[in-house]
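Me: I would like to learn how to read a predicted structure, step by step. Could you take me through some of its features?

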Amino acid sequence: MRDMILNIRKIAGKDSGKLIPVILLSVLDSMLNSCMYGVMIFILIDLADSIFTFEKLKLYSLILLGVFLLRCVTQAISLSKVQHDGPVISKKLRLSLGNHIRSLNLGFFNQNSQGRLNAILTTDVSDFETILTHCVCDLVKAIAFSVFSLLIAFALDWKFGIAIGVIALLGLPLLNISGTLSARSGKRTHSAKENVVSHLLEYIGGIKTFRLYNLTGERFSRLDDALLGLKKESTKAELSLLPFILSFSTVTSCLIPIALILGAYLLTVQSMEPVSFIAVLLIAVSVSSMMSTLGSLYPQVRSLNRACENMLSVLGEKPFSYEKETLKASNADIAFDHVSFSYTGKEQVLKDISFAAKQGTTTALIGPSGSGKTTIVSLLSRFWDVTGGRITIGGQDIRDISPDALTANMAVVFQDVYLLNDTIMNNIKVGKPDASDAEVISAARSANCHDFIVTMENGYDTMIGEGGSTISGGERQRISIARALLKDAPIVLLDETTSSLDADNEREIQAAFDRLMQNKTVFVIAHRLNTIMGADNILVLNQGEIMEFGNHKELMRTGGWYAQMVEQQRQAEQWAV
Amino acid sequence: MKTKNNNKAGVRYLLGLANSKKLILAVAIGFSVLSGLCTFVPFLMIFRTILLLFGEGGAGSAMQNGIIAIVAIVLRFVFQAISAAMTHVNAYNILYHVRRELCRHLGKVNLGFFTGNSTGEIKKIMMEDVERLEMFFAHQIPDIVVAIVVPVAVLVYLFTINVWMSLILLLPIVLTTLTQVIMLVTSKNPMDEFYWLAGKQSAVILQYINGMPVMKTYNLTADSYREYADTISSYNNAWWRAAKILSPPSAIITVIIESGLFFVLPLGGYLYLTGSLALSSYIFFAIMSIVFLSSYINLANFAQIFSQISSGIVRIKEIMDIPAMGNGNKTLLPTESHSLTYENVSFAYDQQEVLHNFSLDLPIDSLTAFVGPSGAGKSTAAQLVPRFWDVSKGAIRIDGIDIRELEADNLMDNMSFVFQEAFMLNDTLYENIAMGKHGCTRQEVEVAAKSAQIHDFIMSLPKGYDTVIGSEGVKLSGGERQRVCIARAILKDAPILIFDEATSFTDIENERKIQLALESLLESKTTVMIAHRLHTIVGADQICVFQSGNLMECGTHHDLVASGGAYASMWQTYCEAMREVAS
């Protein structure tokens, strides 16, 4: 409860004040609700004193009607107000979260964090919104009403007050335990679900392969095990909660019989009026029903807290710091100066790497998978910051340059080509938003995608992306090259090895790559002998260290790993089945 | 009307899913009803005590009544616990069953299904739509039975006490139902708009986050933020437009449900004063008015939740209704070599024919190359063999047996297929190779890896064969992945092999190794090789040239070059391109 208030204040800031009138209205509504019970008690007293008449009935009925109408008005106002102010708060929250996410550095956006951000911006903010607009009022009402009833019970007989109070308090720890348990089992169920999803995606992605190896249905035991695991965790989660939820309900429901027994006892010792007895029963009934409302609201308070914590954790992510807004270097020479890097802090992915690339030259990165090629390119575009040494452009440490200024000078073509849900034209225009259509078409021609685009139903206006026309991996690749061509940045970072395998169209893709690399400072993770032989420098990496460095001729002369590789390639060209 | 039919079919289908578990469900519902009836016992005891108090008869003492009430409460929750435990265990069993059936079915349907449906959609059905069934089986069925049976039972009892008072208790229910109907009608348009914008908002958020890397590389975050912000604002406006209409009536519904006393007290007072209602009954009805209506709240959301569930059911059913590929009963020995024949084969995706009536013989242990430009149909022709799709006309035969007459498993046992896009499990390299043969030994895996020229690379990794590949682990290059797939196929050692060559141009680190790997794989197999680099297949037993779905010509390299047809010109272009590359 306290956490909830603190979290709402932390998340909503000044706007949390908007909730105060709503809360006050809810308290007022509870008071009015208690008034109805008050009328009932007055009727009881009159009945006991045998002074209940038509006159009185009329008066009481009028009071009830008044209270009823007043409640309708109060409720309507408070509900409308919370339905207006709650979403305004969540809207501001979505905007500020979105704006903050925008400032985070590129390295933050891996698949994992994207999944998390998506979940937070959709599920968590919606939960927050729903709870704010629906549960806050109910919660305030339940609590206020219980407090009023308790006060009346005390006024009638302090023993009843204590009995009802004690029982209500007894229930709370049970509620708390069930909340903690449900959070814990919720986590386990969630990870079981994620396990199913990852194996399901694997199953769908590899369905052809699995069919060929007769591994479909339950024979694909990885998925079947995950499904069984999910069943087990879900069942366990529900069953482990049952005793606590039910004992909470039992305890709070026992308010009624306890009032009955205690009242009967007090009646027999003559220390209580029958009217008070009935009034107390009435209070017990209403408090017990309010407690059960509280019980059903409680899980939502928990999930509100969870959502708040998730949102706060995103707001707590800090973007990279930088000093200079723009890149003012005399040239685009790039130098790695004793660069080391580690993702985890344990395993070194790059170990003390030093080399330089002059402006306008091409550097080819080669070496086996896991040797650190991708890391070099990622560090250069500041997905991450180096853990040792420094990277400079024109003598300036890239950590001093604003990320925007850095990316403005780079064109990057990597493996995962993300297409917006938009037309092909706009997808290419991403490279240069103010480009004319003619510029886009010329970039598309150079990237060898013009031809396939014009054969599509609506040409450049064809919608692509999720839910749009499907295009092949090679075609996506070429669109991303067209983007980069349109951007025309002085530094180009490329990954050839993971470029989509589309053997039929490979020549087109390669030609597009070649055009992109012309007259630029290029870093390319290369796999074509052509690219490599033409590079000014070849950097052969192995397990995070530079094994060989030089141009094709120099490396052939040294007769190392590279020379062997080229020799193998020569053999390969002779091969036939 | 249509949705109504869907709902009905949906319910029947749902109960069909429960099938063998219906009995458990029925018993669980029985306990729920008992528990629901127990809810009212304490109030009955209050009534009896009041009767006692006013000297109007009634049995037992207040103390007894209290104890009966406590027993009833404990029983109520014991019954509820039994029922909840049963329904949940049952529901999660059903969920597992449905998911398993879906997975099994997905393994049998025509592969066109996967091109027509995004992975995201399938995932949504498997996870979210199926998950909602839990709501139906564990909560809705018992809840609705209880929500109908218990109030009716109580009402019958109340009628025996006083008809008029019972009727006035029904009045709030009538009023709230009317208000709800009015709400539904007046808010139809704003609600539709709201749901539409809610959907759009999720899509925009998804794009905002997933597109962020691209937007950042191109310094476009301000633009994408603007779109994001606009959508969020319009969602917010739509919310308010709907809420403005809905808030007052729903506030009134809440007040009506909570104001049982307002209805009961005046009428009761009048009836009491005119002598047609006992004092004790008056008080009893007042107390009942507090609890009777609150049990009605559970029913309020039922319709909305149910329509969500049933739209999910429709989607589940759509998948299950896709006809599975037929299964034959003939078998072939995977240890023997087989011939392969295409006999007047035509094939169409939906309406569009992509392969036009061709015939082809692949003799035992021969090597046939499929060549041709992109989209010519060579990959499709190859993918008909493992029945990823079935031919539209004609037949494909192995040793003369139509592949549709073979047991599906047996067909697969007889064939290996190495794809261009190598598929990898997110698991260890060992598991990735071992999936090639059920129950293989560690040694067999290593032998296969050695033949596939991938063993040395694997051993160079820090954890060797236990290295996990994929999202969390080491990423492999395309060539390395293909060699893993070749190792898998070597391990399987099936008599028919289809190989889709991955690259047409030189890949410095892998090409030679792939070739060596392929040599081990090709030994004594009936092979189809989809080739992109013509010089590798000059020695093939026959080369088949595909062009726009037609099989143009077939023959050895020598014959085809000599005949001066399609292949001859392809060969010429290819040689020029290679010279260009070399220079």
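**Strands, helices and domains**

Reply: Let us begin with one pair of residues: B:Leu340 has B:Ile398, in strand 4 of chain B, as its bridge partner. This is a predicted model, in which local features need pLDDT of at least 70 and side-chain atom pairs count only at pLDDT 80 or more, while totals for chains, interfaces and linings use all residues. Residues are numbered from 1 along each chain as its sequence is written, and chains are lettered from A and ligands numbered from 1 in the order in which they are written.

Me: In which sense do strand 1 and strand 4 of chain B pair, and over how many bridges?

Reply: Two strands pair if DSSP finds at least two bridges between them, and strands (E, at least two residues) and helices (H or I, at least four residues) are DSSP runs numbered from the N terminus. Here strand 1 (residues 340-349) of chain B and strand 4 (residues 393-398) of chain B pair in the antiparallel sense over 5 bridges. Strand 4 of chain B also pairs with strand 5 (residues 401-402) of chain B, again in the antiparallel sense, over 2 bridges, and B:Ile401 in strand 5 of chain B is the bridge partner of B:Ile398. Strands 4 and 5 of chain B form a hairpin with 2 residues between them, and in the turn B:Asp399 has a positive phi of about 50 degrees.

Me: What span should helix 8 of chain B have?

Reply: The expected span of a helix is 1.5 Å times one less than its number of residues. Helix 8 (residues 188-210) of chain B has 23 residues and should therefore span 33 Å, which agrees with the 33 Å between its end C-alpha atoms. Among the buried residues of helix 8 of chain B are B:Phe194, B:Leu197 and B:Tyr208 (buried means that 20 or more other C-beta atoms lie within 10 Å of the residue's own, with C-beta atoms placed from the backbone).

Me: How far apart do the domain centres of chain B lie?

Reply: Domain bounds come from an automatic or database domain assignment, which divides chain B into domain 1 (1-162 + 303-324) and domain 2 (340-582). The C-alpha centres of these two domains of chain B lie 53 Å apart. Chain A is divided into domain 1 (1-148) and domain 2 (334-574), and their C-alpha centres lie 54 Å apart.

Me: What is the mean pLDDT of chain A?

Reply: The pLDDT is the predictor's confidence in each residue, from 0 to 100. For chain A the mean is 85, and 95% of its residues reach 70 or more.

Notes:
A residue is buried if 20 or more other C-beta atoms lie within 10 Å of its own, exposed if 12 or fewer, and partly exposed in between; C-beta atoms are placed from the backbone.
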